[in-house]
Amino acid sequence: KILSFSVLGLLLSAGSAMAQYHPYSTPAALPVPVNATPSTYYDNPTPIAQDEYHAEEHQLHQHHDYIENWDGGYGYGSGCSSCGTGCGADWFSGFGNGGCGSCGPNWYGRVGGLVMQRDDADPIWTSFDNTNIYSALLGTPTAGHEWRGGYEVSIGRRLCNNLWIGGTYWTLDPDNTQASVNAPGGIINSTFDFRTFSLNGTPVNSWFDNALAHRLTLRSEFHNLELNIYGDFTNCDPCSRHRFSWFAGARWFRFKDDFLFETSDNSQTFGVDLANEAYWNINVTNNLIGGQIGGTAEYAINRCLSVYATPSVGLYHNRMTYDSSIRSGDGFLAYEIYSDKNDFAILSQIDFGTSYNVNNCLRLYGGYRVVGVSGVALSGDQIPPLADDLENIRNINSNGHLFLHGGFAGVEFRR
């Protein structure tokens, strides 16, 4: 009996509990705590005024527009607030992070300055003291190459499908370096043997040997023009510090190299007695036309400052033109030859730089550039072992190498 009453008690208590929490039944009232305070919201609800509601909505739209403006309209506003604010809503202030939203700025332009130098080619010595055959008085190492200034301009337009099209032109002031040597008594000789060549019946060797003065002038000239298609590797993470892009297009690179070796028999100063001066002139022009590919890797140090590297390489057709002559100051010729040649060349370039984003429309940049070209004709490479070897003079040697390096800085804008 005791067991039966126990089971009955358990069943009655379970039924009471189920009645208390059944979803379709009315729950039992719970006692109110003695010290409870009524809720002011539920007991006295106050609706938000209509004008206050619209004011809050307007503030929300303002904040959304602010974020969109900072990322340059590239669609990175969503979620960028988690990265913070500063120079932009994303790490790069909207400069080229396309691919995740609507079209942003449609135009860009760059204006900058260059300071570069050409590396010296293999040395060529032109003059020595005839009282000391081991002396080296004058040559390409004494003329050398100087740092030259220049400029660079770029302009481009967004195509609204993750692509940009843009052109770039840069050039340097002509590198015109000169060195000379003079000595009384006519003790300056040339290292070259002109053998059978003569000027107005006088052997050329007599003009360049036992001279009072020799002078060497080296001149270089550079022009570069590019037209590229640029594409961004889509990265829709607004908080990423990395950005990558690629480009491909056409490039024209013009390199002119001149060599002028002068001698004076009767004066230690040039231009005084032209009838007793002679000049050996070699001019070479390389016109490279071809295609290139490259890319840019960029890393954001903070919201305003980033560093980047931009390598490129291309294969080019090199159209070379060349002329060489020996003449006297009063117009007599020993010889004059014009020649041309077509060959292939390879040009590569890499820029290491840093940029500072002033805002989503303006940034400053600067860095260091290295340009290397193989398969070009250099003026010094056109000098044959025997200076009167006309066959070798006619055949252009295009196995030369060119290296340019130096700094650049400028400003970029988008709108």
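Ala, Val, Leu, Ile, Met, Phe, Trp, Tyr, Cys and Pro are counted here as nonpolar, Asp, Glu, Lys and Arg as charged, and the others, Gly among them, as polar. The structure is a predicted model, in which local features need pLDDT of at least 70 and side-chain atom pairs count only at pLDDT 80 or more, while totals for chains, interfaces and linings use all residues. Residues are numbered from 1 along each chain as its sequence is written, and side-chain values use heavy atoms, with hydrogens and water left out.

A cavity is a set of points, on a 1 Å grid over the protein atoms alone, where a 1.4 Å probe fits but cannot get out; lining residues have an atom within 4 Å of a point. Grid points are joined across faces, edges and corners, and the volume is the space filled by probe spheres set on the points. Three cavities of 30 Å³ or more were found by this rule. The largest cavity has a volume of about 750 Å³. Its lining comprises 33 residues, of which R110, Y230, T296, T310 and R363 are the closest to the centre. By residue class, the lining of the largest cavity contains nine nonpolar, 12 polar and 12 charged residues.

Charged pairs were considered next. Side chains of opposite charge can pair when their charged atoms come close. With a salt bridge taken as a side-chain nitrogen of Lys or Arg within 4 Å of a carboxyl oxygen of Asp or Glu, the structure holds 18 salt bridges. One of these joins E412 to R110, with an N to O distance of 3.7 Å. Because E412 lies in strand β15 (residues 400-414) and R110 in strand β1 (residues 107-118), this pair ties together parts that are 302 residues apart in sequence; strands are DSSP runs (E, at least two residues), numbered from the N terminus.

E412 also forms a salt bridge with R363, at 3.2 Å from N to O. R363 belongs to strand β14 (residues 362-376), and the pair links distant parts of the chain, 49 residues apart. Relative accessible area (1.4 Å probe, protein chains only) defines buried as under 20%, exposed as over 50% and partly exposed as in between. Both E412 and R363 are buried, E412 having 4% relative accessibility, whereas R110 is partly exposed at 24%. A network of salt bridges links R110, R243, E298, R363, E412 and R414.

A further salt bridge pairs D343 with K341, their closest N and O atoms being 4.0 Å apart. D343 is partly exposed, at 26% relative accessibility, and K341 is likewise partly exposed, with a relative accessible area of 26%.

Definitions and conventions:
On a 1 Å grid over the protein atoms alone, a cavity is a set of points where a 1.4 Å probe fits but cannot get out, and a pocket is an open set with protein on both sides within 12 Å along at least five of seven lines; lining residues have an atom within 4 Å of a point. Helices (H or I, at least four residues) and strands (E, at least two) are DSSP runs, numbered from the N terminus.
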